[in-house]
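My notes are below the view.

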Amino acid sequence: MALSGPGKTVVQLVAVVVTMGALAWASVPFYDWFCRVTGFGGTTAVATADSADVLDRTIKIKFDASLERDMPWTFKPVEREMEIRIGETGLAFYEAYNPTDVPVAGQASYNVFPYEAGGFFNKIECFCFTEQVLEPGERVQMPVTFFVDPEIVTDRDAKYVHSITLSYTFYQIDLPEGFAALETGAGNNTTN
């Protein structure tokens, strides 16, 4: 049975809506993958080991920190900037403090500026790879280990970069299951 007239139009409209919904659903993971592969939008690369090459040329790395509006922590870089050789492994620390009287979980999002340097900034280890939970009154220093890929000096646009800013923004997330159970259980304990 072939559809005609209004029935055919309805089927076509439903197909368009389903297609657009599928494209919208796939766009976020695709964009994330694209940014990680290309460094577009200041997304950094992830490395499993130090760089094999270290150049004589140096580059300045600046560190920036911010919090999402409702995040109760304080958060800042321990050192505002450092100069390292391109390819050399750098180690920087950020400090976070939970001034509240309850555990708070957070996750850091990050990028680098200028954007053309994103694909050349390689993180080996970073606190941003996992969620962080701070107990009431807890203060921690969180490390990030990184290097700037020597290939930056041959890139058409990035070879003119002399300074890179690594920025993190912490936002609050739900407490992991174990912490949430402890917090809920603590509020339910009463003595007679």
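Basis. I worked from a predicted model, in which local features need pLDDT of at least 70, side-chain atom pairs count only at pLDDT 80 or more, and totals for chains, interfaces and linings use all residues. Residues are numbered from 1 along each chain as its sequence is written, and side-chain values use heavy atoms, with hydrogens and water left out.

Sheet. I looked up the strand order and found an open sheet of five strands, β4-β2-β10-β6-β8, with mixed pairing. Strands here are DSSP runs (E, at least two residues; helices are H or I, at least four), numbered from the N terminus. Two strands pair if DSSP finds at least two bridges between them. At the edges I noted β4 (81-85) and β8 (132-134), each of which pairs on one side only.

Inside the sheet. I then checked β6 (residues 104-113) against β10 (residues 163-173): they run antiparallel and are joined by nine bridges. Ser109 stands opposite Thr169 in β10.

Loop. I located Gly119 in the loop between β6 and β7 (121-126). Gly119 counts as partly exposed because its relative accessibility is 29%, where buried means under 20%, exposed over 50% and partly exposed in between (1.4 Å probe, protein chains only).

Helix. Last, I placed Val10 in helix α1 (residues 6-38).
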